[in-house]
Each structure stands twice: as C-alpha cells, then as structure tokens.
Amino acid sequence: MLISVRRFVLPGLLATSLLTSLSASAAPYPMQLQNCGYTVSLKQPPASVVTIGQAGTEMLYALGLGDKVVGTSLWFNAVLPPFKAINDKVPRLADNDPSFESVIGKRPALVVSQFEWMVGKDGVVGTREQFHDLGIATYAMPSDCEGKNNLKGADGTRTSAYDVQALYKSITQLAQLFDVQPQGERLVKDLRERQAKAVAKVKAAQQPQLTAALWFSSADLAIDPYMAGKNGVAGYMLQTLGLRNIVDSSEEWPTVGWETIAKANPSILVIARMDRRRFPADDYQKKLDFLKTDPVTQHMDAVKNNRIVIVDADALQGSIRVVDGMEQISDAVLKLAQPAGR
C-alpha cells in the first residue's frame with residue numbers, strides 16, 4: 001500500500017473567501033497586538049505585504065488578501081491550486097531566502113515571516129529591528145516562536161509541545177491586522193472541523209498502538225535524516241491522530257540514525273514531498289529509492305509492506321495545510337484497518 005500524494009482541496013468556504021470583498025466595517029485603528037516578543041503597531045490596515053514563507057502567503061490568500069501581497073519567497077511546494085491565479089500575479093522574490101534589499105524594495109507596510117531564522121535575532125534576511133528602523137512592521141508566525149527556542153538545535157527546540165492554537169492565533173491576528181475578522185473566523189472554524197473529522201477517522205479505525213516516524217529530508221542520503229521531533233508541528237499531528245512518534249526529541253527536526261529508527265520499527269513512515277532542492281533527500285523519489293535499497297531500512301515493516309505516506313512538506317509545518325496532512329495520514333491508518341485486497 002503506497003499512499004500517493006493527494007493535493008490539498010479547499011472546501012467551498014475558502015474558495016468563497018477569495019471572492020469575498022474586504023470588510024468595510026469601522027476599522028479598530030490605530031491597532032497594537034503582541035507578537036513573539038514584539039508589539040505590532042498599525043495606524044491603518046497594511047496596504048501591502050511581503051511574505052517570507054509559504055505558510056503566511058497561503059494564509060493571506062485564504063483570508064482573501066491576495067491583492068495586498070506584493071512579494072513572496074521561501075516555497076516548499078507549488079501553491080495550492082485555488083490560489084494559483086492570484087499567486088501568478090505576485091512577484092516571487094526568491095524560492096528560498098530573499099535578500100533584505102529585495103524585500104524592502106517592494107516598500108511593504110508589513111513583512112510576514114514564517115521562521116525566525118529568516119527574520120529574527122539571527123535572521124538570514126534581517127532582524128525585526130532592521131525592518132522597524134525603516135518603518136516597516138513585521139509579523140512572525142506564532143507556530144515558530146511561541147514555546148520554541150530557535151537559538152538551540154539546527155531548526156530550533158521546543159520548550160513546550162506545539163499546539164494548533166498557535167496556528168489559529170496567527171490566522172486570527174492577521175485577520176485583525178487587515179480588519180477581515182469574519183474571514184479569519186470562518187477559516188479557523190473550517191480547520192477545526194476538518195481536524196476533528198480526521199481524528200475521529202483514526203479513532204474509528206481501531207488500530208491502537210500504531211507507531212510512526214516522519215522523515216522530512218537529509219543533508220545527504222548517506223547520513224542521518226531529519227526526523228520529526230515529538231514536540232514539533234509534525235509531532236503534534238502524529239500524537240493528535242493517536243500515533244506514537246518513535247522519535248523522542250524536543251528538537252523540531254532532529255537527526256536520528258537509521259539503525260535507531262529500524263530498531264523501533266514504526267508501523268507507518270511519513271515522508272515529505274517538496275519542490276525545494278536544497279538537499280538530495282528533498283526529492284521524495286530518492287527517499288523511496290533509499291528506503292527500498294538501503295540494507296538497514298529495506299527490512300523495516302513499513303517499507304516491506306509499503307506503509308509509506310507521502311505528504312507535502314508545507315503540510316508538516318505551521319500552515320493551513322496541517323489539517324490536509326492529518327487527513328492524508330488518517331486515510332492511511334484507515335487503509336491499514338481494511339482487510340487485505342480491498
């Protein structure tokens with residue numbers, strides 16, 4: 001059973017939100033809100049925004065704010081199909097990290113960053129202070145900064161387990177900043193309901209004590225892979241679905257030896273599919289080839305029985321695609337519960 005990639009399909013309400021005109025209600029400005037240790041202050045809704053990270057980009061699109069986006073960057077996957085038309089009109093500043101100059105060159109009123117390693121204390125694009133000095137407001141995704149120390153570990157270390165409330169918080173706050181609160185409320189409601197259905201599906205499958213491991217990428221196929229830690233976003237997805245993550249690390253994406261993973265012998269392997277090509281293992285086909293030919297991994301039950309779930313990389317991060325990833329994993333668990341041959 002090789003569970004193939006299933007593209008994210010937006011329900012009607014998200015597609016509708018794209019067409020919904022922005023609220024004309026009385027604006028609660030000037031506005032201030034707390035965000036990842038900083039105060040975001042706005043005198044009016046941002047007229048333009050640059051996004052650094054796919055999660056923030058698609059979140060703004062889903063809120064019906066595509067016409068405000070003047071530049072995007074840091075993409076892991078192709079844009080969700082319902083957003084392709086609007087995304088085609090937006091300049092892509094970089095597939096990965098953009099330069100500071102390219103961002104400010106768009107003269108945005110707001111910069112939305114998915115990761116602190118992009119915009120933060122040691123941000124490769126810049127610090128929040130650098131943008132603020134130029135009068136550009138910044139917003140960091142709570143999924144990456146709350147309960148997480150990004151100065152420890154290669155991709156940060158969780159000081160407390162990720163909670164999907166951080167995702168809902170980012171949607172709610174961005175909706176507040178742009179004065180489109182109804183769109184934010186509808187989006188959160190939809191994601192809550194879909195997640196609840198995915199969890200219920202796994203519970204109904206009655207497959208207790210299932211274990212899982214999630215392989216994001218590897219700096220080189222010959223060395224230890226980046227796996228989902230127990231307290232990160234992907235770890236939350238597995239735990240919430242009732243699957244025990246065999247990786248017991250608080251780092252977001254720790255490296256774990258294949259011998260250790262094979263010894264734990266997870267019931268299901270989840271691998272990330274991405275269009276990014278920073279590392280050889282970014283290519284999910286190379287991941288599959290490795291798993292089936294490596295003398296250690298080829299003997300794992302999940303590999304021998306093709307219990308491998310392929311999920312878009314951005315569905316394994318603090319994005320609106322989290323629920324899509326959970327739905328794909330829940331579908332895989334459901335197939336495990338079905339009699340052979342069905």
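**Contacts, burial and cores in a predicted model**

In this predicted model, Ile171 is in contact with Met59, Leu63, Gly184, Leu187, Val188, Leu191 and Ile320, once its neighbours within four places in sequence are left aside.

Student: Which residues touch the most other members of the largest nonpolar core?

Tutor: Ile171 is one of them, together with Tyr139, Leu177, Ile320 and Ile329, in a core of 84 residues. Helix H7, residues 165-177, gives the largest share of this core, seven residues.

Student: What makes the span of helix H8 agree with its number of residues?

Tutor: Helix H8 runs over residues 181-205, which is 25 residues, and at 1.5 Å a residue it should span 36 Å; because its end C-alpha atoms are 37 Å apart, the two values agree. Among the buried residues of H8 are Gly184, Leu187, Val188 and Leu191, and the helix is followed by Gln206, whose phi is positive, near 50°.

Student: Why is Thr211 called buried?

Tutor: Buried means under 20% relative accessible area, and Thr211 has 8%, so Thr211 is buried. Thr211 lies in strand S11, residues 211-217.

Student: What makes the pair of Thr211 and the backbone nitrogen of Ser267 a polar contact?

Tutor: The cut-off for such a pair is within 3.5 Å, and the backbone nitrogen of Ser267 lies 2.9 Å from a polar atom of the side chain of Thr211.

Methods: Residues are numbered from 1 along each chain as its sequence is written. This is a predicted model: local features need pLDDT of at least 70, side-chain atom pairs count only at pLDDT 80 or more; totals for chains, interfaces and linings use all residues. Side-chain values use heavy atoms; hydrogens and water are left out. Helices (H or I, at least four residues) and strands (E, at least two) are DSSP runs, numbered from the N terminus. The expected span of a helix is 1.5 Å times one less than its number of residues. Buried means under 20% relative accessible area, exposed over 50%, partly exposed in between (1.4 Å probe, protein chains only). A polar contact is a pair of N or O atoms within 3.5 Å; within protein, one must be able to donate a hydrogen and the other to accept it, and residues adjacent in sequence count only if both atoms are side-chain atoms. A nonpolar core is a set of buried Ala, Val, Leu, Ile, Met, Phe, Trp, Tyr and Cys residues joined through side-chain atoms within 4.5 Å. Contact means heavy atoms within 4.5 Å.
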